[in-house]
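Subject: Structure handover

Hello,

Here is the structure I promised to pass on. Please open it first, then read my notes below.

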Amino acid sequence: MEGKLVLVSGHCAAGKSAFADRLSAELGILCFRKDRVKETLGEGLGPTGGAVYEKGSAAAFVLLEYILEECLKAGRPCILEGNFRPAELERVEAFLERYGGRCLSFFFTGDMAVLYRRYRDREKERHWVHKSAGDSPEDFAAGQARLGEKLPGEVLLVDTTDFSRTDYSGLLTTVRAFLAG
């Protein structure tokens, strides 16, 4: 069996988590979100575990690597979601090559001013383990600049500047075809 990965990446506040959760629910595929793993680590170690705040993203990715490897070895599809760094994406690519897995990647993006407003609107509700993505639109945009470099497999760019114009049913059809092929 060939393992298949649906990678959902992109800029902050572009709708990655909502899309990944929707895919998981509609297709019955397990979804592992980098932020949720980091939050779980934080809950286990508590707010005095400063290492989660400082190194939580790296630790979350190591756990995602383990999950990806197990899914690929078992020939099972999975969804990984997060704003992955270039070095992390290289490691995902290495696992895909090692186990002969295939990948369909989505990169969620949009107008940076719109994404920044969305980010600021939800920032107060985010878990304590997350660092701020910037206190100004310029800082926010600068922090988003390197995301999305070298995504593995076929890459689909999804502009969510206006959520109502995003063709979610078309994206779902694309994922179904990828999983069936």
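Ala145 counts as exposed, because its relative accessibility is 56% and the cut-off for exposed is over 50%. Bear in mind that this is a predicted model. Ala145 sits in the loop that joins helix H6 (137-144) to strand E5 (154-159). Now look across to His11. Ala145 and His11 are 134 residues apart along the chain, yet their C-alpha atoms are separated by 8.7 Å.

Next, the overall layout. The protein has seven helices and five strands. Along the sequence they follow the pattern β-α-β-α-α-β-α-β-α-α-β-α. There are 181 residues in the protein, and 46% of them are buried. Take the contacts with a separation of 6 or more: residues 24 or more positions apart account for 80% of them. The protein exposes about 9,300 Å². Carbon and sulfur atoms supply 53% of that area.

The largest nonpolar core has 23 residues. Those with the most contacts inside this core are Val6, Val8, Phe19, Leu23, Ile79, Phe106 and Phe108. Five elements each supply at least two residues of this core: strand E1 (4-10), helix H1 (16-27), strand E4 (102-109), helix H5 (112-123) and helix H7 (168-180). Which of them gives the most to this core? H7 does, with five residues. A second, separate core has 21 residues, among them Val37, Leu64, Leu89 and Leu147.

Phe108 deserves a click. Leaving aside neighbours within four places in sequence, Phe108 is in contact with a run of residues that includes Val8, Ser9, Gly10 and His11. Ala14, Gly15, Lys16 and Phe19 are also among its contacts. Ala13 lies in the loop between E1 and H1. Its phi is positive, at about 65°, although Ala13 is not a glycine. Is Ala13 buried or exposed? Ala13 counts as buried, because its relative accessibility is 6% and the cut-off for buried is under 20%.

Then the helix pair H5 and H6. Their axes are 10 Å apart, and the two helices pack at an angle of about 105°. That makes H5 roughly perpendicular to H6. By class, the contact of H5 with H6 has seven nonpolar residues, one polar residue and no charged ones. On the H5 side, the residues are Met112, Leu115, Tyr116 and Tyr119. They meet Pro137, Phe140, Ala141 and Gln144 in H6.

Start with Glu81, in strand E3 (residues 78-81). Glu81 is buried, with a relative accessible area of 3%. Which residues does Glu81 contact, leaving aside neighbours within four places in sequence? They are Val8, Lys16, Ser17, Ala20, Phe32, Arg33 and Lys34. Glu81 and Phe106 are 25 residues apart in sequence, and their C-alpha atoms are 9.5 Å apart in space.

Follow that contact list to Lys34. Lys34 lies in helix H2 (residues 34-45). Lys34 counts as buried, at 3% relative accessibility. Not counting residues up to four places away in sequence, Lys34 touches Ser57, Ala60, Phe61 and Leu64, among others. Glu81, Gly82, Asn83, Phe84 and Glu88 are also on its list.

Glu69 is found in helix H3 (residues 50-74). Glu69 is buried too, with a relative accessible area of 18%. Its contacts are Phe95, Arg98 and Tyr99, leaving aside neighbours within four places in sequence.

Last, Leu27 in helix H1. Leu27 is partly exposed, with a relative accessible area of 21%. Where does the chain come back to meet Leu27? Leu27 touches Leu172, Val175, Arg176 and Leu179, not counting residues up to four places away in sequence. Leu27 and Arg176 are 149 residues apart along the chain, and their C-alpha atoms are separated by 7.9 Å.

Best wishes

Methods: Residues numbered from 1 in each chain as written. Predicted model: local features only at pLDDT ≥ 70, side-chain atom pairs only at ≥ 80, totals over all residues. Heavy atoms only, no water. Core = buried A, V, L, I, M, F, W, Y, C linked by side-chain atoms within 4.5 Å. Buried < 20%, exposed > 50% of the residue type's maximum accessible area, 1.4 Å probe, protein only. Helix = DSSP H or I, 4+ residues; strand = E, 2+ residues; numbered from the N terminus. Contact = heavy atoms within 4.5 Å. Areas by Shrake-Rupley, 256 points an atom, 1.4 Å probe, with all protein chains shown as cover. Axes fitted to C-alpha atoms, helices over the stretch in contact; angles between N-to-C directions. Parallel < 35°, antiparallel > 145°, perpendicular 65-115°, else oblique. Nonpolar A, V, L, I, M, F, W, Y, C, P; charged D, E, K, R; others polar.
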